[in-house]
Amino acid sequence: QSRFREAVNAFDQAVAADTAFALAYRRLGLSWGWLDVANPRGGEMSRRAEALADRLPERERLLARADAGMWDRAASIAPELRAHLRLHPEDAEAWELLAEFGVHVPWMALSSPDEATEALERAIALQPTFTPRYFHLLDHAVAENLPDRFHELMAAYEAHGAEPEAVRTRQAQWDFYRGTPEERAHAEAYFRAGPVDQAFNLITVSFQSDDLGPRLQGGLALLTDLPFEGFPVRGLQAMARGLGPGAWPADDVAEGIPSLHWGLLNPEDAPVPRELVAALGGRPTSHAALAAAVLAARAGDAQMVAR
């Protein structure tokens, strides 16, 4: 039902009563991830669930490891998720996790955008009432300029109980990137006037499609005026002023989102893997694989996908 604040309170009580309650830690980590992804408690609770995973049934043990892997960007169990789903195609939560790997850490999953989209379509077909699963599908519709699909998803998103302000934010995202000049102006005014986390929705879609480049520039310029905290946005703000990774805060350099934006806005850098590797320095993942996956995705090379 997407009532994450209530869920956090309930699971906090559960782990206070039983400090070895692995499933409650896992659900607590998930709830924090949806409620406030910048809050470190999400990762802390997911890692605690992984440490206690031997107490869980096989399926929950796999999903607990996947949750922790998402937070740490340290290892991929995407092949195990795929194997699990071949045996259990009815598992909506596993489809969602596979998609999240593909969207957020494609260099770990060696995943194509199509796989993530298909996985989310499977998840909402199985369980259409969990509204956060619509987020990336709405992003995809914006990136691919699919107005009919966008409006279909929005209707389902709203019908299944999405908050009115969340619906408005998603519509403003479409208007900013795909609307008329008048709609774009209204959307920009909306993002400037609202909470800064609403404007972050502009970032989540902008690097998914090269044809959004000119509007991406405007989106980054908008971000320079907003007081973001927690997300790796200071690097994006510096980028909007023409400053490359060398001028970004260290935490922002280590994150993938600003670096992918830099590659889109500076295509002369994008064909050179070492540029992406340098921009992503310090992560415990295979940077060479990340650079190769990003370049392959830009070229539409399906051979990079590990099935």
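**Salt bridges in a predicted model**

A search of the whole structure finds 15 salt bridges. Each is a side-chain nitrogen of Lys or Arg within 4 Å of a carboxyl oxygen of Asp or Glu. This is a predicted model: local features need pLDDT of at least 70, side-chain atom pairs count only at pLDDT 80 or more, and totals for chains, interfaces and linings use all residues. Residues are numbered from 1 along each chain as its sequence is written, and side-chain values use heavy atoms, with hydrogens and water left out.

**The network**

- Salt bridges link R26, R27, R59, E60, D67, D91 and E93 in a network.
- R26 pairs with E93, and their closest N and O atoms are 2.8 Å apart.
- That pair links distant parts of the chain, 67 residues apart: R26 lies in helix α2 (residues 22–35) and E93 in helix α6 (residues 92–104). Helices here are DSSP runs (H or I, at least four residues), numbered from the N terminus.
- R26 and E93 are both buried. Buried means under 20% relative accessible area, exposed over 50%, and partly exposed in between (1.4 Å probe, protein chains only).
- R59 bridges to E60, with the closest N and O atoms 2.7 Å apart.
- R59 is partly exposed at 28% relative accessible area, whereas E60 is buried at 12%.

**A pair within helix α10**

- E152 and R149 meet through their side chains in a salt bridge (3.1 Å, N to O).
- The two are three residues apart in helix α10 (residues 147–159), so about one helical turn separates them.
- E152 is partly exposed, at 49% relative accessibility.
- R149 is partly exposed, at 22%.
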